[in-house]
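Hi everyone, thanks for making time.

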Amino acid sequence: MQFGFGVGPDTSWMREELTDLGVEELKTPEDVDRIMKEYNQGTMLMVINSVCGCAAGNARPAVSLSLEKADHKPDHLVTVFAGQDKEATARAREYFSEYPPSSPAFAFFVDGEIKAMIPRHRIEGRTKEEVAEDLLMVYNAFSGEENE
């Protein structure tokens, strides 16, 4: 099988799994900088999307499950696509550079500051339900109610 001619596999469905949930897609470094300025109040989940099997089987479905079950949803939901929108992903990683690059992964911000990271090793080899429980734990830990 040859992919050549500058066209890779269709990833639109991988993007739509998140955008259909209302997750805002960030495709450029400017998009990332914009949301980091605009969404610097409240909570924000950033999904580092990927084409790998653990993104399809665990990470993206876990976002959906966690949002269905959440009492405290993040105020903002955004995503960058590692390996696809490389410059946007690189810029996003600058905002949590203390963590090694990982995809898929989840970065959770409160008032523009990284507060939690769920890297690939907490996604790969686990069920979507287990990953969703990790997300719910993060949402609840930083919902603001316990912190007031």
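Before anything else, when I say two things are in contact, or touch, I mean heavy atoms within 4.5 Å. Helices (H or I, at least four residues) and strands (E, at least two) are DSSP runs, numbered from the N terminus. And buried is under 20% relative accessible area, exposed is over 50%, and partly exposed is in between, with a 1.4 Å probe and protein chains only.

Some housekeeping. This is a predicted model, where local features need pLDDT of at least 70 and side-chain atom pairs count only at pLDDT 80 or more, while totals for chains, interfaces and linings use all residues. Residues are numbered from 1 along each chain as its sequence is written, and side-chain values use heavy atoms, with hydrogens and water left out.

Okay, the sheet. Strands pair if DSSP finds at least two bridges between them. What's the order of the strands in the open sheet? There are five, running β1-β3-β2-β4-β5, and the pairing is mixed. β1 and β5 (113-118) sit at the edges with a single partner strand each, so one side of each has no neighbour in the sheet.

Going through the pairs: β1 and β3 run parallel, joined by two bridges, with Glu-25 opposite Thr-79 in β3. β2 and β3 are also parallel, over six bridges, and there Ile-48 faces Val-80. Between β2 and β4 the sense is antiparallel, again over six bridges, and Met-44 has Phe-109 in β4 as its bridge partner.

Now pack some helices on. α2 lies on the sheet, touching β1, β2, β3 and β4, and its direction makes about 160° with that of β2. Axes here are lines fitted to C-alpha atoms, for helices over the stretch in contact, and angles run from 0 to 180 degrees between N-to-C directions. Helix α3 (residues 53-69) packs on the sheet too, touching β2, β3 and β4, at about 160° to β2.

How much of β3 is covered? Six of its six residues are buried. His-76, Val-78 and Val-80 point one way, and Leu-77, Thr-79 and Phe-81 the other.

Pro-29, Val-32 and Asp-33 of α2 meet Glu-87, Ala-88, Arg-91 and Ala-92 of α4.

One more residue, Asn-49 in strand β2. Buried or exposed? Asn-49 counts as buried because its relative accessibility is 2%. Its side chain reaches the backbone oxygen of Met-14 at 3.2 Å. Leaving out residues up to four places away in sequence, Asn-49 touches, among others, Arg-60, Thr-79 and Ser-103.

For contrast, take Asp-71, in the loop between α3 and β3. Asp-71 counts as exposed because it has 71% relative accessibility. Its C-alpha is 8.5 Å from that of Tyr-139, 68 residues apart along the chain.

That's my tour; over to you.

Terms used:
Polar contact = N/O pair within 3.5 Å; in protein donor to acceptor, adjacent residues only side chain to side chain.
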